[in-house]
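The sequence and the coordinates are shown first, and the description follows.

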Amino acid sequence: MPLSPAPRRSARWKPVGALLAAFVLGCAGSASATSSAAFGPTPPHHPYAGPDGTATMHGDTSSSDTTPLAGPGAGTLSSARTALASACPTVLVGADGYPVALCTPIFGQVPTVHLLDPDDGSSLTSLKLTKGSLLGGVYAYIDHQDRLVVADGSRSLLRVGHHQDAEGDWSLRVDRSLSLASVIPEGDAVTGLSPDWDGRVWFATGGGVVGTADDATGTVKALTLPAGERVANSISTAPDGTAVTTTHATYLLTSDAGTPRVLWRKAYDRGSARKPGLLSWGSGSTPTFFGPATGTEYVAVVDNADTAANLKVYRTADGSDVCSAPVLGAAKGPGSENSPVGVGRSVFVAGTYGYPYPAVPEGAGTSVPASADFAGGLSRVDVRADGTGCSLVWDNTLRSAAVPKLSTADGRLHTVVRDPLIPGTRGTSLLDTYRYVQIDPASGQITRSTKVGVGSLYDTLQMAGTITPEGAYLQGTVTGVLRIAAR
C-alpha cells in the first residue's frame, strides 16, 4: 500500500528555466565566470529519487556532484554549527525541504538519523539504526517520497520516513524494511546503494556482492564479483546501468528481471599498496556519470597508480577508453579518495593524498608510506569535443577538505578548505583553520571565502556538502553539521 508522504513545507525549489536564467545573469558581470554554454546537461532526473542535487551524497544517483541550486549569495557569510557528537557524512534534502542527516556518533558508533530544522540546522528528532561496519552511517539516498533509504547493520534495507503529529512534533520511523541476509554473508555489509529506473534498489557490499532488492515484492537477487575485489565506495545508477568500482576494476551492470549481469569490466592501475589519505587499496572513487549529450555517456574514476593519479574516462555504452589523464600534478599528491565532479565535458578532481583520517576501514591494508603531509590539489580535465581524448585545463594546489559541489545555478564550485597552522606548509594539526570557499570553475581560483572554525571540531573529513533550496550550504563535520548562509 502506498505510504503517505510527509507534510510539506514551502520549499523554494526553482524551475530549471529560472535557474539557467539566474546562472547566465549571474555570470554576465564577470569576465572570468563560467558561462552555462561551457558545460552540458546534468544527468536525467531519477523518478525514484528525491530532488536533483540533494537526493544523494553526490547530488544525484549518477554521482555527478552537481546541483541545480544556488549556494549562499550576496551578503555577509555566516556559519553555525549543530553539535551532534557525531561524524555526519551524509546530509540530504527531500522535496519537502527538510534536511536529513545520517551520522555515526563518536561514542558507540551506532548510525543515527537526524531530521534537521531547515531554518537553523538544529536536530528536530533522531532515530538509531542497527550498528554494522565502519561504513554504516555513510551512504544512503532520499527516495521520491522523502524517505531515507539505507542499509543497517542487520543487513536490512530500510526506508526511514519523517512524520509530524497533530501537535506539530516530529518523529522518524522505519516505514518499510527488507532483509538482504539471503544474499549477503554474515560479516559482510552494504557499502553503497542506489535505485534503478524500474524502482529496484541496487546495492554493493564490501565483500563484492552486487544485487538488486525490490522491497515492494520482497525479491532480492545478487551476484558475486571475482574473489579479492572489494567495494570501498558507493555505486551510481543511470538509465544505461549501474556503475560499481571495486579495488581492482570498474563495472557497468544491468539486470534481467532483477538478476544482475555484467555488461563490461575495466581494470585500472591500483598501485602496489594503499596510499596515505585513501581508505582502501585501489580507487577512492564512487564512479561518476557525465556527458555533453545525455549527461551519462561517460563514466569517470581516479586510479591509484604508484607515482601519479590518473583520471580514467570510459564510454558508458561499451567501456571503451576515452582517456587516461594525469591529475593533481601541481600538488604532488598522487591520490584521491573523492568522487570526481562531472558535467558536460568537464571533470574536476580533488586530491586527498596524506589527509589525516582518524581511522580506516577494517581490511584497508597498510599505507605506503605510513603517513604523508596533506598535499590536496584540484584539477580540471575536459573531454575533447570529438570524444577522442582529454585535456588538462588547470591544476592547482588548493587543499579541499570536502567533496566539492558544482552549482549550475551560480556557476561556482563549493567546498571547505583546510589551511595549515603555519602558512605555506603542507602539514596538518589540531589547530588548522577551515574555510568555506566558492571557486570559479573556469580558472580554479577562489572567488569568495569565510572562516567556519578552527580546530578538530570543524574537521570536514573529506565529506560532501549539500546546498539547500534556501541557498544554505550544509557540511558534515567530525562532530556535527555546519550551516553556512548569507545574510
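## Backbone exceptions

Asp-65 counts as buried because its relative accessibility is 0%. In this predicted model, Asp-65 sits in the loop between α1 (16–28) and β1 (66–67). The phi angle of Asp-65 is near 55 degrees, which is a positive value in a residue other than glycine.

Leu-461 also has phi near 55 degrees, again a positive value in a residue other than glycine. The loop between β31 (446–454) and β32 (463–467) holds Leu-461. With a relative accessible area of 14%, Leu-461 is buried, given that buried means under 20%. A further backbone feature is the cis peptide bond from Val-368 to Pro-369, with omega near -5 degrees. Pro-369 belongs to the loop between β24 (346–350) and β25 (378–383).

## Overall architecture

One helix and 34 strands make up the secondary structure elements of the chain. The C-alpha atoms occupy a box of roughly 55 × 50 × 45 Å along the principal axes. For 487 residues, a compact globule would have a radius of gyration near 23 Å, and the value of 20 Å for the chain agrees with this.

Of the 487 residues, 60% count as buried. Contacts between residues at least 6 apart in sequence include 56% that join residues at least 24 apart. The chain exposes about 17400 Å², and carbon and sulfur atoms supply 53% of that area.

## Disulfides

The structure holds two disulfides. Counted along the chain, the bonded cysteines follow the pattern 1-2, 3-4.

The link of Cys-88 and Cys-103 is right-handed, with 110 degrees about the S-S bond. Cys-88 is buried, with a relative accessible area of 0%, and Cys-103 likewise counts as buried at 0% relative accessibility.

The other disulfide joins Cys-323 to Cys-390, with an S to S distance of 2.0 Å. This pair links distant parts of the chain, with Cys-323 in strand β22 (residues 321–327) and Cys-390 in strand β26 (residues 390–396), 67 residues apart. The torsion about the S-S bond of Cys-323 and Cys-390 is about -75 degrees, so this disulfide is left-handed. Both Cys-323 and Cys-390 are buried.

## Nonpolar surface patch

A nonpolar patch on the surface is formed by Leu-421, Ile-422, Leu-430, Leu-431 and Val-454. Together these residues have about 510 Å² of accessible area.

Ile-422 counts as exposed because its relative accessibility is 55%, and the cut-off for exposed is over 50%.

Methods: Residues are numbered from 1 along each chain as its sequence is written. This is a predicted model: local features need pLDDT of at least 70, side-chain atom pairs count only at pLDDT 80 or more; totals for chains, interfaces and linings use all residues. Side-chain values use heavy atoms; hydrogens and water are left out. Patches are made of residues with over 30% relative accessible area and no salt bridge: like charges are joined within 9 Å, nonpolar side chains (Val, Leu, Ile, Met, Phe, Trp, Tyr) within 5 Å. Accessible areas come from the Shrake-Rupley method with a 1.4 Å probe; for residues, only the protein chains shown count as cover. A salt bridge is a side-chain nitrogen of Lys or Arg within 4 Å of a carboxyl oxygen of Asp or Glu. Buried means under 20% relative accessible area, exposed over 50%, partly exposed in between (1.4 Å probe, protein chains only). A disulfide is a pair of cysteine sulfur atoms within 2.5 Å. Helices (H or I, at least four residues) and strands (E, at least two) are DSSP runs, numbered from the N terminus. The radius of gyration is taken over C-alpha atoms; the globule rule is 2.2 Å times the number of residues to the power 0.38. Contact means heavy atoms within 4.5 Å.
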